[in-house]
Amino acid sequence: MNPPAGTTGGSRSSSEGASTAPGAAPSSEPVIVPTPGSNLHPSPAEVANPVVEADLATTPETPPGEEKGRRFSLGMDRFSGLYVWAALIVVFAIWVPDTFLRLNNVTIIAGNEAITAMLALGIIIPLAAGVFDLSFAGVAGVSVAVTAWGQVNGYSPFIAALMALVVATIVGALNGFVVVQLKVNSFIATLGMSSLLVAAEYFITDGKQIVEGFSEGFLTLGNTQILGIPLPFYAMLILAAVIYVVIEYLPIGRYLYASGGNPVAARLAGVRVDRVVYGSLVASSLVAGITGVVLAARIGTASPDIGPSYLLPAFSAVFLGSTQIKPGRVNVVGTLIAIYLLATGVKGLQLAGAPTYTKDLFNGLALIIAVALAARSARKA
């Protein structure tokens, strides 16, 4: 006998242990079938791994005997960067006390690293979504060039800055189109875009350094100091606060981490992954554009090669930061710790008489070590 209408497959449901109370409406909630040893409590945003492409790993329950031991770990798994930072300060304070232990070193490091920190904060967004943006440094360079070109040609600083932001947004939209619509790997797409942006810098500046034509008020704004620290540092703090709130407390943050951790599961959960990825690339480019405007006000010059030098330091900081605070996830606080940890190390070595290539050497080693540690943290997450 055929089963009544609406009960097709009922025998299969019964064999799987699913049942519905008589008279109760069928539930529209998805049925989750747990696997042995899996932990169903963490949200996708908590278990997503945007640093390496790997399947979500199950998290075994902590044996009761180990919970007590974790209380005495002093947070080495999350705050090791702070300990290393403190150790560097102590080492250089003993090594070069006459030059390192000065208040102006603090203000110099805080001001000089503000630009790198802003760029690093911007690329947190696409990395959280599981894609790379290697064009952000080129976008910053083009924004500097456009801001300078606009003022040299008689436009007000506001209009020139607005032009730079429009260009940055267009670049981000092009990145998103190539990655999402044309299905080009984000690494390749943004690497190609970065090369185009270098060419654009040379075109805008005519291959020369622009040192005149900036508005005096514009330059004053970039070099104004509060408590001895240039204004761009406080702009970086505001940007960090905004990005922190967005990715940690708003739904879009959960969508970003879910898309980066497991895009298939995110799609099944209703997340529009393509839109999230597209938006993350636009946001990264826009942040780079804002940073370029701030950089133009800070240095008062534009040159064809001003952007690429920020590529390696920013990525080193983001990947090193992903081993801090929330291991296995790119995050704002960890990135800021990494930025100033690296800056302290480089500054101390320079004051100790290290050669000029120390900065590149230090940042390169930090990037390699950071990626290795990030992958290790992600496997443990």
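Modeller: Let's start with contacts along the chain. In this protein, 77% of the contacts with a separation of 6 or more are between residues 24 or more positions apart. Contact means heavy atoms within 4.5 Å.

Biologist: What kind of model is it, and how are residues numbered?

Modeller: It is a predicted model: local features need pLDDT of at least 70, side-chain atom pairs count only at pLDDT 80 or more, and totals for chains, interfaces and linings use all residues. Residues are numbered from 1 along each chain as its sequence is written, and side-chain values use heavy atoms, with hydrogens and water left out.

Biologist: How many helices and strands are there in the protein?

Modeller: The protein has 18 helices and two strands. Both are DSSP runs numbered from the N terminus: helices are H or I with at least four residues, strands are E with at least two.

Biologist: What percentage of the residues count as buried?

Modeller: Of the 381 residues, 43% count as buried. Buried means under 20% relative accessible area, exposed means over 50%, and partly exposed is in between (1.4 Å probe, protein chains only).

Biologist: On to the inside. How many residues has the largest nonpolar core?

Modeller: It has 85 residues. Those with the most contacts inside it are L119, L121, F136, M236 and V332. Helix α7 gives the largest share of this core, twelve residues. A nonpolar core is a set of buried Ala, Val, Leu, Ile, Met, Phe, Trp, Tyr and Cys residues joined through side-chain atoms within 4.5 Å.

Biologist: Take L121. What is L121 in contact with, beyond its neighbours within four places in sequence?

Modeller: M236, L239, A240, I243, V332 and L336.

Biologist: And M118: buried or exposed?

Modeller: M118 is buried, with a relative accessible area of 2%. M118 sits in helix α7. Leaving aside neighbours within four places in sequence, M118 is in contact with P232, M236, L239, V287, I290, T291 and V294. M118 and I290 are 172 residues apart along the chain, yet their C-alpha atoms are separated by 8.8 Å.

Biologist: Next, α6. Which of its residues are buried?

Modeller: In helix α6 (residues 103-112), these are N105, T107, I109, A110 and G111. Their cover includes α5 (97-100), α7 (114-128), β2 (229-230), α12 (231-249) and α17 (332-351).

Biologist: Switching to rings. How many aromatic pairs does the structure hold?

Modeller: Eleven aromatic pairs. Rings of Phe, Tyr and Trp (its six-membered ring) pair if their centres lie within 6.5 Å; planes under 30 degrees apart count as stacked, over 60 as edge-to-face and the rest as tilted. F132 and F315 form a tilted pair, 6.2 Å centre to centre with 40 degrees between the planes.

Biologist: Why does that pair tie together parts that are 183 residues apart in sequence?

Modeller: Because F132 lies in the loop between α7 and α8 (136-152), while F315 lies in helix α16 (residues 311-321). F132 is partly exposed at 26% relative accessible area. F315 counts as buried at 6%.

Biologist: Why is the pair of F315 and F319 stacked?

Modeller: The ring centres are 5.9 Å apart and the planes are at 20 degrees, so the pair is stacked. F315 and F319 are four residues apart in helix α16, separated by about one helical turn. F132, F136, F187, F315 and F319 form one aromatic cluster.

Biologist: Last one, N331. Where does N331 lie?

Modeller: In the loop between α16 and α17. N331 counts as buried, at 2% relative accessibility. Its side chain reaches the backbone oxygen of Q324 at 3.1 Å. A polar atom of the N331 side chain also lies 2.9 Å from the backbone oxygen of R329.

Biologist: And what lies over the face of Y257?

Modeller: R329 does, at 3.9 Å from the ring centre. A charge sits over a ring if NZ of Lys or CZ of Arg is within 6 Å of the ring centre and within 35 degrees of the ring normal.

Conventions. Polar contact = N/O pair within 3.5 Å; in protein donor to acceptor, adjacent residues only side chain to side chain.
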